[in-house]
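Let's take a friendly walk through one protein model, looking at how its pieces pack together. Have the sequence and the 3D view ready.

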Amino acid sequence: MSSSSAMVRILIKGGKVVNDDCTQEADVYIENGIVQQVGKELMIPGGAKVIDASGKLVLPGGIDTSVHLEESFMNATTVDDFYSGTKAALAGGTTMVIGHVLPERNESLLEAYEKCRNSADSKACCDYALHIGVTWWGPKVRAEMEKLVRDKGVNSFQMFMAYKDMFMLRDSELFQVLQHCKDIGAIARVHAENGELVSEGAKEALDLGISGPEGIEISRPEELEAEATHRAITIANRAHCPVYLVNVSSMSAGDVVATAKMQGKVVHGETTTAHTVLNGMQYYHQDWSHAAAHVTVPPLRLDPNTPNFLMSLLGNDTLNVVGSDHRPFTVKQKAMGKDDFTKIPHGLPGIQDRMSVIWEKGVIGGKMDENRFVAVTSSNAAKIYNLYPRKGRIIPGADADVVVWDPEGSKVISVENQVQGGDINPYEGLRCHGVPIVTISRGRLVYENGMFTCAEGSGKFCPLRTFPDYLYKKMVQREKCQAVKAVEREPYTGEVVAVANSGKRDTGSSDLDTPTRPCTRHGGMRDLHESSFSLSGAQIDDNIPKRSSARILAPPGGRSSGIW
């Protein structure tokens, strides 16, 4: 605990404390970076700063589970580093972020992690943790995953079924990674899109002369996400590993997640702010820069009902978490793909606006109450990443990450007054009712009525523990009750036919050992005109005498008239 937070005493008076399961009128006393007391008529020492929260809500600080800060991606570097990004998060009521480390193919996971930590530790204004991308697979990756879990405070890894020739893993590799995640107790995050068909779809679109941002939507239809979502859940189920699906963006993929949950599979889902608010008609805007500004993956969906549907899934716990997936680029950076949509860097900003936008569209829109809002923006993330109840809840002993929220206040989102970087805001002009007026991080008042008092580097890296109960308790029990075992029987003692060894390969060889089909003159495809059947030469029935005629008793199809 830093010395600055050790001396700070804060009393939040007169507000309603909102947790994910209940709301109560209570005061909150904070000291030494910890929530010390919650209740009425508290006995507290003198010298505390008093914050009047009358008519306001007191919420656990938001946890943004997907941010890309100081990241190089598709030949561009995001315009927010860990200082500007976490500062923007605090302005929006988020007190912890989980960033991404995406190693290049064949790059060491450990080296990529250390490089990110060296930069982030001196810049972060709020607590942070890291996901590590498993962008390739081999014995070295397996060993480094164990080391990251054991020594570096990492408990989550992200795998990609998309981004062919860049990050994508084959099904067999994904299965092995998920098995390893289960063995070490890590959270397996999976980006589900059919990478092979996405690649083919992009080629088709370009061949048709479609080079603009609409190509991102045309080449990545939602059926490719739904198919990959089902496949990811199936692979995870076979590996007995809980699966956490990220960036769920379509109604059909949401239905796949809902079905899997009804079947009792251990599946959790995360969507993004953009997918719950915006639709894919943005890609058909006449202004290229406006259309390109909305390019993200999976793309925003054309069906205008999709955002409401996804928000409803958040409301009913089919989807558990909403992250910003903050990856801000400028119009100039997006313009690298002005002649080819596959070169437009994927990503939207949102770290600052996530909580206000979800309040506006979710709570004000009637999809969830304030308790569910706390669940999807904070508590569920804390439970999944093994931080609960230290974070994600306001109780004595919890970290003092607290937001005073004004449900009656409002603001209009604009790129002109945003703290986050970039010259694009996809929610431009949206009026949000429900805004943070005070943010407290690690027991320090860091944001109040538009004024920052946070210091660069005052945030801390949060080591995350493995085997979170929220994911693994159910999986352990499912594995016990679904365990398979051999049938106990008397051994077979009868005769066994002798198989002549002709030097041919066993028919029981694996798919990987299947010999390739011999090439024919038709380019490797089976020639239907090449058959072993022949009417020329000697036949097997040549020795049977031929009858001159045969009386038909029952013609094909049966008798239809008396003529037979």
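Which residues in α5 meet residues in α8? From α5 come D171, L174, F175, L178, Q179 and K182, and from α8 come R231, I235, A236, R238 and A239. Here contact means heavy atoms within 4.5 Å. These contact residues divide into six nonpolar, one polar and four charged. In this grouping Ala, Val, Leu, Ile, Met, Phe, Trp, Tyr, Cys and Pro count as nonpolar, Asp, Glu, Lys and Arg as charged, and the others, Gly among them, as polar.

Before going on, note that this is a predicted model, in which local features need pLDDT of at least 70 and side-chain atom pairs count only at pLDDT 80 or more, while totals for chains, interfaces and linings use all residues. Residues are numbered from 1 along each chain as its sequence is written, and side-chain values use heavy atoms, with hydrogens and water left out.

## How the helices cross

The axes of α5 (residues 171-184) and α8 (residues 222-239) come within 9 Å and cross at roughly 50 degrees. That makes α5 oblique to α8. Angles under 35 degrees count as roughly parallel, over 145 as roughly antiparallel, 65 to 115 as roughly perpendicular and the rest as oblique. Axes are lines fitted to C-alpha atoms, for helices over the stretch in contact, and angles run from 0 to 180 degrees between N-to-C directions. Helices (H or I, at least four residues) and strands (E, at least two) are DSSP runs, numbered from the N terminus.

## A sheet of seven strands

Now find the open sheet with the order β3-β2-β7-β18-β19-β20-β21 and mixed pairing. β3 (23-25) and β21 (451-452) stand at the edges with a single partner strand each, so one side of each has no neighbour in the sheet. Two strands pair if DSSP finds at least two bridges between them.

β7 (residues 57-60) and β18 (residues 402-412) are antiparallel, with four bridges; L59 has V403 in β18 as its bridge partner. Eight bridges join β18 to β19 (residues 431-441), also in the antiparallel sense, and V402 is partnered with I440 in β19. Helix α13 (residues 354-363) lies across β7, β18 and β19, at about 140 degrees to β19.

## Zooming in on V435

V435 lies in strand β19. Is V435 buried or exposed? V435 is buried, with a relative accessible area of 10%; buried means under 20%, exposed over 50%, and partly exposed in between (1.4 Å probe, protein chains only). Among the residues that V435 touches are S356, W405 and K411.

Technical notes:
Lists of a residue's contacts leave out its neighbours within four places in sequence.
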